[in-house]
Amino acid sequence: MEINEFWGIVDQARDDAGAATGPFDTDAVAEALIVRLTAMSRDEILDFDEVLDDVTARLDTWEVAVACQLITGYISDDFFSSFRAGLVGLGRRTVEQIIADPDCLAGHPVVIDIAAGRAERMSLASEDLLFAASSAYARISGGDEDAFWEALDAREEAVVSGDVRRRDSEPDADDAERVPERLPRLSALLPPGRWASEPKPAKAAPQPDPHERCPLCGSALSAQSVGSSSRREDGTILTREFRQCLDCSRVVERTERGDGWDTWREADPAEHDHLVDVRILLAF
């Protein structure tokens with residue numbers, strides 16, 4: 001699939017969702033895109049997904065990762081993938097501007113609304129857009145959610161974008177000093193108050209959940225939770241919930257199975273990077 005055809009499909013979906021004339025809604029754009037894709041052949045859907053991977057790969061830079069952190073207050077590999085897919089939903093012109101200068105996001109109406117508190121901080125992230133091709137493929141395959149991944153695995157070639165400097169790592173506290181220089185407009189609009197090295201504003205004391213107890217010390221767990229979803233190699237979605245104990249301060253987790261949630265357990269210390277993200281988010 002040529003890049004012009006790819007963007008034509010995205011722009012048609014944006015028009016179908018009213019993105020050009022009304023508030024930007026990632027869910028509406030994603031659903032319109034899925035509907036558009038279901039009218040295509042299976043090979044064309046796979047072609048679309050490969051070009052989407054190529055476009056989002058061009059957005060995989062340190063500056064865009066920091067923009068994600070500033071705009072949403074959060075960053076992880078899975079979430080950053082959803083954020084980049086959401087940026088694709090803004091259309092070709094905007095994406096090309098972001099690739100050339102990620103700081104231009106400071107002037108986008110959605111980001112301005114987020115900064116002003118008129119839109120949710122996660123408004124630009126869209127897992128539905130990220131997996132639009134697989135959703136469309138499943139719809140035309142009788143609901144078979146594995147069909148897309150099996151077809152994708154059967155392809156011998158993959159579209160890989162080169163010539164673009166990728167991020168070396170996710171932004172961390174040590175990067176805070178570089179942000180105003182690299183993203184001056186965006187950091188002024190949304191100051192990096194989520195960096196661990198900066199003082200945090202006073203916040204209300206965490207509230208206990210009377211129904212959930214820590215499996216390690218028996219004390220109440222915080223009512224605030226963080227969710228994490230990822231797609232396994234077999235195409236199924238793994239959903240995890242994290243909470244922090246108000247007494248021993250350890251992070252515990254549970255996993256959603258087919259018949260509901262399993263019991264709380266201590267989060268795996270080996271997942272250090274992921275737990276850092278979880279702890280930061282639980283602190284806000």
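Does R42 count as buried, partly exposed or exposed, and at what relative accessibility? In this predicted model, R42 counts as partly exposed, because its relative accessibility is 39%.

R42 is part of helix 3, which covers residues 42–58. Its C-alpha atom is 9.9 Å from that of A138, although 96 residues separate R42 and A138 along the chain.

R240 sits in strand 4, made of residues 237–244. Here the relative accessibility is 12%, so R240 counts as buried. Between the C-alpha atoms of R240 and V226 there are 8.4 Å, and along the chain there are 14 residues.

Next come the aromatic rings. How many aromatic pairs does the structure hold? There are six aromatic pairs in it. One of them joins Y137 and F148: the ring centres are 5.7 Å apart and the planes meet at 70°, so this pair is edge-to-face. The label follows from the angle, because planes over 60 degrees apart count as edge-to-face. Y137 belongs to helix 9 (residues 132–139) and F148 to helix 10 (residues 147–154), so the pair ties together parts that lie 11 residues apart in sequence.

Y137 and F148 are both buried. F148 also pairs with W149: their ring centres are 4.9 Å apart and their planes are at 85°, so this pair is edge-to-face as well. For F148 the relative accessible area is 1%, which means that the residue is buried. W149 has a relative accessibility of 18% and therefore counts as buried too. Ring pairs connect F131, Y137, F148 and W149 into a cluster.

The last stop is a charged part of the surface. Which residues form a negative surface patch? The patch is made up of D25, D27, D78, E127 and D128. Its members are negative because Asp and Glu are counted as negative charges. D25 has a relative accessible area of 38%, so it is partly exposed.

Terms used. Residues are numbered from 1 along each chain as its sequence is written. This is a predicted model: local features need pLDDT of at least 70, side-chain atom pairs count only at pLDDT 80 or more; totals for chains, interfaces and linings use all residues. Side-chain values use heavy atoms; hydrogens and water are left out. Patches are made of residues with over 30% relative accessible area and no salt bridge: like charges are joined within 9 Å, nonpolar side chains (Val, Leu, Ile, Met, Phe, Trp, Tyr) within 5 Å. Accessible areas come from the Shrake-Rupley method with a 1.4 Å probe; for residues, only the protein chains shown count as cover. A salt bridge is a side-chain nitrogen of Lys or Arg within 4 Å of a carboxyl oxygen of Asp or Glu. The place of a charge is taken as NZ of Lys, CZ of Arg, CG of Asp or CD of Glu. Buried means under 20% relative accessible area, exposed over 50%, partly exposed in between (1.4 Å probe, protein chains only). Rings of Phe, Tyr and Trp (its six-membered ring) pair if their centres lie within 6.5 Å; planes under 30 degrees apart count as stacked, over 60 as edge-to-face and the rest as tilted. Helices (H or I, at least four residues) and strands (E, at least two) are DSSP runs, numbered from the N terminus.
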